[in-house]
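This report describes how selected side chains are placed and paired in one protein structure. Please examine the sequence and the model before reading on.

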Amino acid sequence: MREAGPGEPCDLLIEAGHVVPVEPHGVVLEDHAVAVRDGAIVAVLPIAEARARFDAKDTVSRPDAALVPGFVNAHTHNPMTLLRGVADDLPLKVWLQQHIWPVEGAVIGPEFVADGVTLAIAEMLRGGTTCVNENYFFPDVQAATYRRHGFRARIGLPVIDFPTAWAKSDDEYFDKAGEVHDQWRGDALIDTAFAPHAPYTVNDANFERIRVLADQLDVPVHLHLHETAQEVQQSIEQHGQRPMARLDRLGLVNDRLIAVHMTQLTDAEIHLCAERGVSVVHCPESNLKLASGFCPACALERAGVTLAIGTDGCASNNDLDMVGETRTAALLAKAVANDAAGFDAFTALRAATLGGAKAIGFDHLVGSIEPGKQADLACIDLSALETQPLHHVVSQLVYATGRQQVTDVWIAGKARLRQRELVDMDVAAIVANAKQWRARIAAVEIT
């Protein structure tokens, strides 16, 4: 063991064969270290210099690994982890209205939400994800569960035009949203956003109410938008305009908007997103599985739109694997644009990290490895035969690496995964709990 010198104190020194800071773009730092103090990054520098400068309480050395910012899963419904595989191989409307909503109606509640989020956290940590943008009911329970496990999250405050187990009326949705927002205001890990479900499930009056409150509370608006051709056609028939045009009329197309899916876009709509500062979350695997369409990721990126990546929920993906999702996003973007050079490996990794952080308003905290930011980091072992020989680190991360190669994860400098072992989470108990939920959900009769 190296004898500590009289250097500058820090809590943690992570030494890696490769550090991919994401910002600046296109850079890989060989044999570098990241120094962490009080949960924040204080320096990124060559290993030899780090050892000379810092007296670290804990040093983690990973010479065969790449250290990257923790992945930001920019669109999730994580309580639905417990519905993984319940209604596969069905189109969106049939899947949602005839299967998912009836099952949720029978089982949803605080216990379901807490247990689903806990299962999701364990899965995400093992895949290098350190932050999520959440969209589901019982946001109070979600927030408490994420906080208990030291996980960073933007929690959606749901609004939808019909009664649910969470709220029975428009006023109750908004009253509860205000209560949850106030409860978590200023928390180090948890923040909130409005989460109106979609244009086809939220009326004009509620959208206008959201616009006013989002401005007053300074929070984003996170919703499904232009997800399917059917949604667009339905909006034209009912409102005389496409969903984005309707939202623009209501004052919601601005830099607070986190628009998820966006598979049905005109060139004019892409330029409007760029002009107004709208962020787009690309969920390629869910869109492929539900045959919803293809997000024009290359066109959005080239127009200057902030592009993020999300898995969507486990009921329609069926995993929370941001390593795999990033690869799918890159490959699909190339095919849709008919451009093999489009959405390259560095761009894809950026979308999965800093792009997600920017989309959800956390980029001042996370998304890149820079001094002053929170130490939300993931270490990925590249020594396995599946990722050899190592010609190009970021290409290997995006096109060849599996999530099982994530060895270590830190959130705000605290170890959450250490040498593939979850810290302070009982895997056997989580699996046993998931099995009992499987039995309860299987007993639900769909009429």
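W437 is buried in this predicted model, with a relative accessible area of 1%. Its aromatic partner is F112, and the two rings are arranged edge-to-face, with 5.4 Å from centre to centre and 80° between the planes. F112 is likewise buried, at 0% relative accessibility. Because F112 belongs to helix 3 and W437 to helix 15 (residues 427–442), this pair ties together parts that are 325 residues apart in sequence. W437 has a charged neighbour as well: the charged end of R440 sits over its ring, 3.8 Å from the centre.

A second aromatic pair consists of F138 and W166, also edge-to-face, with 5.4 Å between the ring centres and 65° between the planes. This pair links distant parts of the chain, 28 residues apart. F138 is found in the loop between strand 6 (129–134) and helix 4 (139–148), while W166 is found in the loop between strand 7 (152–159) and helix 5 (170–184). F138 is buried, with a relative accessible area of 9%, and W166 counts as buried at 5%. The charged end of K176 sits over the ring of W166, 4.3 Å from its centre. In the whole structure, the search finds six aromatic pairs.

**Salt bridges**

The count of salt bridges comes to 26.

| Salt bridge | N to O distance |
|---|---|
| E23 and R350 | 3.0 Å |
| R84 and E123 | 2.9 Å |
| R403 and D321 | 3.8 Å |

E23 counts as partly exposed, at 28% relative accessibility.

R84 is partly exposed, with a relative accessible area of 35%, whereas E123 is buried at 12%.

R403 occupies the loop between helix 14 and strand 14 (406–411), and D321 the loop between strand 12 (306–309) and helix 12 (322–337), so this pair ties together parts that are 82 residues apart. R403 is partly exposed at 26%, but D321 is buried at 14%. R84, E123, D321 and R403 are linked in a network of salt bridges.

**A buried leucine**

Which residues does L397 touch, not counting those up to four places away in sequence? They are V20, A66, V68, V323, I380 and L382. L397 is in helix 14 (residues 393–399) and is buried, at 7% relative accessibility. The C-alpha atoms of L397 and H364, which are 33 residues apart along the chain, are separated by 24 Å.

**Cysteines**

How many disulfides does a search of the whole structure find? The search finds zero. For C131, the closest cysteine sulfur is that of C283, and the 15 Å between the two sulfurs is too far for a bond. C298 is in no disulfide either, and the nearest cysteine sulfur, in C295, is 9.8 Å away. C131 is buried, with a relative accessible area of 0%, and C298 is buried at 2%.

Notes:
Residues numbered from 1 in each chain as written. Predicted model: local features only at pLDDT ≥ 70, side-chain atom pairs only at ≥ 80, totals over all residues. Heavy atoms only, no water. Disulfide = S-S within 2.5 Å. Buried < 20%, exposed > 50% of the residue type's maximum accessible area, 1.4 Å probe, protein only. Helix = DSSP H or I, 4+ residues; strand = E, 2+ residues; numbered from the N terminus. Contact = heavy atoms within 4.5 Å. Salt bridge = Lys/Arg side-chain N within 4 Å of Asp/Glu carboxyl O. Phe/Tyr/Trp six-rings, centres within 6.5 Å; stacked < 30°, edge-to-face > 60°. Lys NZ or Arg CZ within 6 Å of the ring centre and 35° of its normal.
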